[in-house]
Amino acid sequence: MEFITEEKLTIVGAAGMIGSNMAQTAAMMHLTPNICLYDPYAPGLEGVAEELLHCGFEGLNLTFTSDIKEALSGAKYVVSSGGAARKAGMTREDLLKGNAQIAEEFGKNVRNYCPDVKHVVVVFNPADITGLITLIYSGLKPSQVSTLAALDSTRLRSELAKYFKNSPDKVVNARTYGGHGEQMAVYASTVTVDGTPLVKLIGTPKLPMEDWLEIQQRVIQGGKHIIDLRGRSSFQSPAYISIEMIAAAMGGKPFTWPVGTYINEGHFRHIMMAAETTITADGVTAKVPQGTPEEDKLLEKSYEHLCKLRDEVIEMGVLPPIADWHKLNPNL
């Protein structure tokens, strides 16, 4: 059985729906034989481990523990969905205070127990902020921490494919940037549909402007729609996409959907947000997108929203003032 690597992968929050799906996906994709599951809820965690062992995977060295030190020690890759889940009627931002504190503890645990980790993916919401907190307290380089924002771009791809009754593969370079929240910037200028630039279709009988605006709203409300349909927040898509990100960091196929990453460039300063990114074994590389003037305004609005959330976390005392970040993390 061939694996991408033999190095240890730890999944934090493995008793939950996202975490358990991540564990199964990682095993099915043959990322590494050495997968460790962590969750403070021991009975649920053992249940997940039992189910995975019942799958009969070949070559899998599956371990599980409710001791965070044991879980993270020696880990070279970590993916965490270990925050509170979003419930009906909640925005991602409603989760801010509790999950910000969880992210602080998580970042400190990474620093203490696996300082040689190569890559960390943060999934729990609001991911832009929890990822930023994790980065600051972990002491890692910005290229070593990414957050799940790709889900917004894949939702745009799906909505356009449904609208045009096309294969999703015909929708190329669907992109959302900025925050992974309701202030995200949905771009049209990057996209082609069956070879035709989307901007040439918008405002024509093939895609009237009101229909495009509705598509944008469906993308922005994509997570809420899943909750309305299933009675719980998304778990299959974030699980799969986050494991694809980890696979790329391990040296597998590069991950080219936009992910949340630390941006401190030009006008965009001291923030974690979705940009034009690639994940490889060298980590995340990123550049700030350039769109139409209208799209750039949307990105600016999304950035301002993220800055407000970041500043709220500073006011809570979870993060120190920006000027002091380098004392916690010299890489910033």
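Reader: Why does Glu-159 count as buried?

Author: Glu-159 has 11% relative accessibility, and buried means under 20% relative accessible area, exposed over 50%, partly exposed in between (1.4 Å probe, protein chains only). So 11% puts Glu-159 in the buried class. Mind you, this is a predicted model, where local features need pLDDT of at least 70, side-chain atom pairs count only at pLDDT 80 or more, and totals for chains, interfaces and linings use all residues. Residues are numbered from 1 along each chain as its sequence is written, and side-chain values use heavy atoms, with hydrogens and water left out.

Reader: What makes Glu-159 and Arg-218 a salt bridge?

Author: The rule asks for a side-chain nitrogen of Lys or Arg within 4 Å of a carboxyl oxygen of Asp or Glu. For Glu-159 and Arg-218 the closest N and O atoms are 2.8 Å apart, so the pair qualifies. Glu-159 sits in helix 6 and Arg-218 in helix 8 (residues 209-220), so the bridge ties together parts 59 residues apart in sequence. Helices here are DSSP runs (H or I, at least four residues), numbered from the N terminus. Shared partners join Glu-159, Lys-162 and Arg-218 into one network.

Reader: How many salt bridges does the rule give?

Author: The count comes to 10.

How values were computed
Helix = DSSP H or I, 4+ residues; strand = E, 2+ residues; numbered from the N terminus.
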